[in-house]
Every structure is written in C-alpha cells, then in structure tokens.
Amino acid sequence: QRRVHGKQWYQRRVHGKQWYQRRVHGKQWYQRRVHGKQWYQRRVHGKTICAHHLRAISQLLDREFHLYVQEVLSDLLARYRGDEVGLLGYRRGPVKTVERIQLKIDEYEAEQDGEYPYASRVIDPIRAAISFETPEEVLECFEQVMERFKICRVKNKYHPDWPEDECNFRNMMVNVLFEKRGVSIIGELQLTTKDSIQLRRVQHKLYKHGRAPEQKTKTHHLANERGR
C-alpha cells in the first residue's frame, strides 16, 4: 500500500508541477505574444504609418496654406515687397520630412508627452516665418491671424515671464488649424522682427567661431592617431 500510495502521490506531485508550469508558462507566453504584437502595431502604426500620413497631408495642403496666410496678411506684407536684403516679410518654410517627424514622435514617446498616437503632437509640419520692423507689427499680425484662424497654441517669447535661457531668439510661434478639401492640418507661423533675425545670425556666427578651435583640436588629435 505504501508503495502504491507513494507512487500515486509522486505522480500527482509531478503531474501537478508540470500542469502548473504549463499553465504559468503558457500564460506568460501568451502575454508576451499579445503585448509584443500590440507594441509592434503601435510602433509601426504610431511611428511609420502616421509619419507618412502626416507628410502626405502636409504636401497636399502646403501650397494652399501659404497662399491663404499671405492673403490674410496681404496689407501687412505689402509694406515689405521691395525688401532687397531679405530680412523682412514672408518666408515659406519646407515641409517637415518623414525622418524629422519620426524623430519628434520618438521624443514625445520618450517623454510620455500626450496620448497615443504621438504623431498628433507634431504641430509644425508646414510652417512659415514672418518678420517685421517693429514688435507692434508683430502684435498687429497676431491679431489678424486670430481673426481668421483657430489658434491651437501660442509660444510668446516676448513675454517678460518667459525663461531667460530660452529667449536667445525672440519670437512668437503661433500654431493654427487649416482646413481645405475636407482635410485639416496644424501649421506654424513664426512671427519676429528684423532685429531678432540679425541678432540670431550674429549669435550663430559666434557659435561657429567658438566651436572652430574645438574642431581644430579634434582634427589634430585624429591626425596624430592616424600618424601612429
């Protein structure tokens, strides 16, 4: 009896352990498979498909967006039609590339900034820069934009409370909703002054000049390494 009962007890113990392992491992495998598939779908859909979709809409509406903005601001822009220096007036920006959109998606995903899909956080696929002589004209332009567009976001770097470390280039970035052909997109208008643009160019030259000795040192070290 002990021999038979011991054998039965052993079988129950082994079979119970195997059943438990199959159950736990099976559940874990299922979870990994499902979660892995969901992660892959979110990754492919959220990064690849959404980025190409946003790029396609941007290319479709880019020309009409710029034409409409220039029509809305025609009176203001007429003052700078003869500007030969190229610092004043309307400057059309390029459509954001798929690669740049995907980089922004990665940034928002890493920061957990907003909800999925993170491509919805990219609100400057089409953009333009508009520069004026005075800050008063910047304000006048902003008021005209508010009358004709739905405003989605405003970053006003002219505001006295704006962080100093982010004010190396004073401007007002206005993100607006544009709808055409049954499709909508958010574009960005960067409003600034000629003085800010000139200051930015000087800062860029100083930055490049400051980096020159560092680049020269790196090149010198690299040459020495190759010589060895």
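User: Where does K96 lie?
Analyst: Helices (H or I, at least four residues) and strands (E, at least two) are DSSP runs, numbered from the N terminus. On that assignment, K96 belongs to the loop between β1 (89-92) and α3. This is a predicted model, in which local features need pLDDT of at least 70, side-chain atom pairs count only at pLDDT 80 or more, and totals for chains, interfaces and linings use all residues. Residues are numbered from 1 along each chain as its sequence is written, and side-chain values use heavy atoms, with hydrogens and water left out. The place asked for is the loop between β1 and α3.

User: Does K96 count as buried or exposed?
Analyst: Buried means under 20% relative accessible area, exposed over 50%, partly exposed in between (1.4 Å probe, protein chains only). Because its relative accessibility is 5%, K96 counts as buried.

User: Which residues is K96 in contact with, leaving aside its neighbours within four places in sequence?
Analyst: Contact means heavy atoms within 4.5 Å. K96 and R55 are 41 residues apart in sequence, yet 7.1 Å apart in space, C-alpha to C-alpha. With neighbours within four places left aside, the contacts of K96 are R55, I101, V122, D124, P125 and R127.

User: Which residues touch the most other members of the largest nonpolar core?
Analyst: A nonpolar core is a set of buried Ala, Val, Leu, Ile, Met, Phe, Trp, Tyr and Cys residues joined through side-chain atoms within 4.5 Å. The largest one has 38 residues, and those touching the most other members are V69, L73, I130, V145 and L191.

User: Which element supplies the largest share of this core?
Analyst: Elements that each supply at least two core residues include α1 (2-72), β2 (126-132) and α4 (135-148). The largest share, 8 residues, comes from α1.

User: How many charged residues are in the lining of the largest pocket?
Analyst: The largest pocket has a volume of about 730 Å³. Of its 28 lining residues, the closest to its centre are N171, M173, E188, Q190 and R200. By class, the lining has 9 nonpolar and 6 polar residues, and the charged ones number 13.

User: Which element gives the most to the lining of the second largest pocket?
Analyst: This pocket holds about 190 Å³ of space, and L54, A119, S120, V122 and I185 lie nearest its centre among 14 lining residues. Its lining has 11 nonpolar, 3 polar and no charged residues. With 4 residues, the element giving the most is α1.

Methods. On a 1 Å grid over the protein atoms alone, a cavity is a set of points where a 1.4 Å probe fits but cannot get out, and a pocket is an open set with protein on both sides within 12 Å along at least five of seven lines; lining residues have an atom within 4 Å of a point. Grid points are joined across faces, edges and corners, and a volume is the space filled by probe spheres set on the points. Ala, Val, Leu, Ile, Met, Phe, Trp, Tyr, Cys and Pro count as nonpolar, Asp, Glu, Lys and Arg as charged, and the others, Gly among them, as polar.
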